[in-house]
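Here is a short tour to read with the structure open beside you.

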Amino acid sequence: MEFNLVAAGIGGQGIVLFSEVIAKAMLAEGSNPSFYVHSGLAQLGGSVSSHIRAGDRICPKITHGCADIILSLELAEILHAVPYLKAGGKVLVSTYTRMPYHSTLKPELYPTVDSLTDLFREGGASPVFVPADKIAREVGHVQVQNMVMLGALVAVSNIVDTESAVKTIRETIESGVEINVEGFWKGYEFISGKDYN
Amino acid sequence: MSPDLPPDNPKRSPGGGHRLLLGNEAMAQGLYEAGCRVAAAYPGTPSTEILESLSTYQAGNLHLEWSVNEKIAVEVAAAASCAGLRSAAVMKQVGLNVALDPLMSLAYTGVVGGMVIIVADDPGPHSSQTEQDTRLLAMAAGVPVLDPVTPEEAREMVHQAYLISERYQTPVILRPVLRICHSRGPVGPVSDRYEGPGPAFVKDTNRWAATPRHRLTLHGELNRKLEKMPSDPLVSGMNGLWRPSKGQGEAAILASGTSAAYAMDLIAERGMDEEMPLFVVRCPWPLGEEGVVETLGGFKRILVLEETGPFLEILLRHRLNVSGRTDGLVPSEGEVTPDVVSEAMDAFFGISNLRSQISKSGEGERERLLSDPGSGIGNPLSEEPGAAAGAKPSPPTLCAGCPHRSSFWALKKTMPGAIYTGDIGCYTLGIELGAVDTVLCMGASISQAAGFYWAYRQSEGPAQPIAGVIGDSTFYHAGVPALINAVQQGAAFVLVIVDNGTTAMTGCQPTPGTGELLSGKEGRDVPLEEVVRGCGVKKLWIVDALDFDALSNSISTAAAAAAEGEMAVVISRSPCVLNITERQGAVPAVDLEICTACGVCTDRFGCPALVMEEDGVHIIADLCPGCGICIEVCPTGAIAAPGGRKG
């Protein structure tokens, strides 16, 4: 299966873990995954992005206009992933916002759900917004937003099946496994509208 | 000069058992398998995880260390190789500048046990001062260099490098770029560890302690090695056509490293194997030019794709009609991304309608949104992602509660108008607080402050205050000789050593100040204050970085001492927030009645836990560890501690 995904977020949101779980689940399902996390100074709250692909390709870096799905764990960060989106590709955005401190000077420049919707609509794409931080808090910890978005991703794409995703979460995460699994299902449920119980 | 050669690359168990590994982890696996016995490194992005990963392998006969700097790492590893063991030194590309002294000499003396120097380049640059190309330094030193195309290949090349190193008794540089180091992909299972001979140093002063006369002989030996290597199948076998081709025609590509990987993907995507023959160079130096010319001589034009400079392009330009950086087809600076490769290939092969062809096949289509000027969303975004909506990328910033922010604020407050010399580490971000004016290289904060001092001593005007800021790990790395020099020469300025007890920027590796070792075992600590005093400093203050009044007073007193002609050092100490196990204090409260939304705390102080909203400043409790410094920063007194500050 050929598959290209660009995920964006900010340091501390768990993009690496998010990417690792997808790629490991893909590996377990027999596809040939690779991923690249561009972290730079992410430890200090900077932008982080991850390119995840499966198929025959040799390197994980995706060219512009080739991503089947772009996704972000923070509202404004989706803008970094836009150039990678292919025509007809899907867009998944967490509505969690963390304003870069520069934006505190000009908050009007920070995008909103509406401005992003308009922006994508003009280009023929319709983003799906997920209140990942709200869902994560309901589950019990804001830190599981990445798993919420993972659940949402699996629900919109079927890139891996839910069983192997959950199994991989259990194998990969060392502490707070249940809350992470719960976050995954809540994200999945948010998109599919089905109650996993 | 023909050492007993170890067997070829160990056989690996076929199929199955693949793990998803970082390129750096793959290289660590290679080092373990190849029987590396001594490995030394100084942490630096993108190379850091190599030694961290190697430390997770259980091997009794393996010494690992975070050396104080890269020069020392190379010297430690080199001695082990001279004793006959396989060794490795690991660093980022600017680290090789520090280690260039031993490397140049080591090329002459050579080694006995295999020695691999892994130097990770950072085209971009994403987290470095320069975009320098390590291959050029390898050439200058006369040391072979290997350029891996994929992470798995980087692991294989560790084995290959040891074989070359031992056959020619020379250190070998393995040069992965950032995209190799930080990519993850499936890597085969760990094979059995090669068990080489134990230590047996053979004394030979003409070699190991050579005087200039013998150095001339050694230089001759080095040149003979470099002449022989390119025709050795062990070396030349690494270079060749990616897929069989007819061998002549209009145009072909010559590529190395990740650029070759991108070219492979793009050629495959386009199904243009025949039209775009690709020659891959895995050993760029010493290059068997004859082999390359034999294969590519029949082509009229050659596109060269490589990182970071036009190395192969310049080597081959007199033998082949090359294109690339020298004729502007590839940008001279910045990373060679798949998009750069794609554009260069299109332009070179003159395939103007390629995009529409791909579009028809429904694959790899460049997004309509971006290429169609009429679509609105595309163009602004394609120029600079995010620019359309005005959102800047989240810039890196010091963490909420970072003790460095307190130090910078105190420095700005007590020494306004000073020249602030900065250094390399998280605290380079003091730029955001206006408390860093210069950043040159590791340790330069101290010597630059001294240089400014001597420059302004010649001025008739009022004395110019000067303050340097350096982190603890950087101080041990390159600051110590600079401080000895400043003291001995009689320079007088304020030096703030921001001591968070760790090498935070690269992921919190231990420093000599903590005594902790890479192995996790307890070593001997080398306390910072003893080193500072040992450098001859008489005026030293040690203060809690989060005790803002005490810190300000210390810097203020130090500034007065510096004005009197004393070298004055303040150690501003508090653990890195990434390492604290309990809160620094309670989350302060903002009185929105008093807050005037002046922006001093959000803009100038710049703590990410503080956000300006319509009614004033709010504190994001999830982010705030409670350092309480914003209480001191607020000019109107709107921020206060609810339960008083801790301890």
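Where does Val143(B) lie? Val143(B) sits in the loop that links helix 6 to strand 6 (145-146) of chain B. Please keep in mind that this is a predicted model, so every value below is computed from predicted coordinates.

**Val143(B) and its surroundings**
- Val143(B) has 0% relative accessibility and therefore counts as buried.
- Beyond its neighbours within four places in sequence, Val143(B) is in contact with Leu103(B), Ala107(B), Ala138(B), Pro171(B), Val172(B), Ile173(B) and Trp285(B).
- The C-alpha atoms of Val143(B) and Pro286(B) are 7.9 Å apart, although 143 residues separate the two along the chain.

**Helix 5 against helix 6 in chain B**
- The axes of helix 5 (residues 100-109) and helix 6 (residues 134-141) of chain B come within 9 Å and cross at roughly 45°.
- Helix 5 of chain B contributes Leu100(B), Leu103(B), Met104(B) and Ala107(B) to the contact, while helix 6 of chain B brings Leu137(B), Ala140(B) and Ala141(B).
- By residue type, this contact between helix 5 and helix 6 of chain B has seven nonpolar residues, no polar ones and no charged ones.

**Helix 1 of chain B**
- Ten of the eleven residues in helix 1 (residues 23-33) of chain B are buried, so this helix is largely enclosed by the rest of the structure.
- The buried residues of helix 1 of chain B include Asn24(B), Met27(B), Gln29(B), Tyr32(B) and Glu33(B).
- Just past helix 1 of chain B, Gly35(B) adopts a positive phi of about 80°.

**A parallel sheet in chain B**
- Five strands of chain B make an open sheet with parallel pairing, in the order 14-15-16-18-17.
- Strand 14 (419-421) and strand 17 (539-544) of chain B are at the edges with a single partner strand each, so one side of each has no neighbour in the sheet.
- On average, neighbouring strands of this sheet are turned by 20° against each other, direction ignored.
- Strand 15 (residues 466-471) and strand 16 (residues 494-499) of chain B pair in parallel over five bridges, with Val469(B) bridging to Val496(B).
- Helix 21 (residues 472-489) of chain B packs on the sheet, where it touches strand 15 and strand 16 of chain B; its direction makes about 130° with that of strand 15 of chain B.
- Strand 16 and strand 18 of chain B run parallel and are joined by six bridges, and Val496(B) stands opposite Val570(B) in strand 18 of chain B.
- Strand 17 and strand 18 of chain B also pair in the parallel sense over six bridges, with Val543(B) opposite Ser572(B) of strand 18 of chain B.
- Five of the six residues of strand 18 (residues 568-573) of chain B are buried, so this strand is largely enclosed by the rest of the structure.

**Chain A as a whole**
- Chain A has seven helices and six strands, following the pattern β-α-β-β-β-α-β-α-β-α-α-α-α along its sequence.
- Of the 197 residues in chain A, 61% are buried.
- Among contacts in chain A with a separation of 6 or more, 60% are between residues 24 or more positions apart.
- Chain A has an accessible surface of about 7,300 Å², and carbon and sulfur atoms account for 49% of this.

How values were computed. Residues numbered from 1 in each chain as written. Chains lettered and ligands numbered in written order. Predicted model: local features only at pLDDT ≥ 70, side-chain atom pairs only at ≥ 80, totals over all residues. Heavy atoms only, no water. Axes fitted to C-alpha atoms, helices over the stretch in contact; angles between N-to-C directions. Helix = DSSP H or I, 4+ residues; strand = E, 2+ residues; numbered from the N terminus. Contact = heavy atoms within 4.5 Å. Nonpolar A, V, L, I, M, F, W, Y, C, P; charged D, E, K, R; others polar. Buried < 20%, exposed > 50% of the residue type's maximum accessible area, 1.4 Å probe, protein only. Areas by Shrake-Rupley, 256 points an atom, 1.4 Å probe, with all protein chains shown as cover. Pairing = 2+ DSSP bridges.
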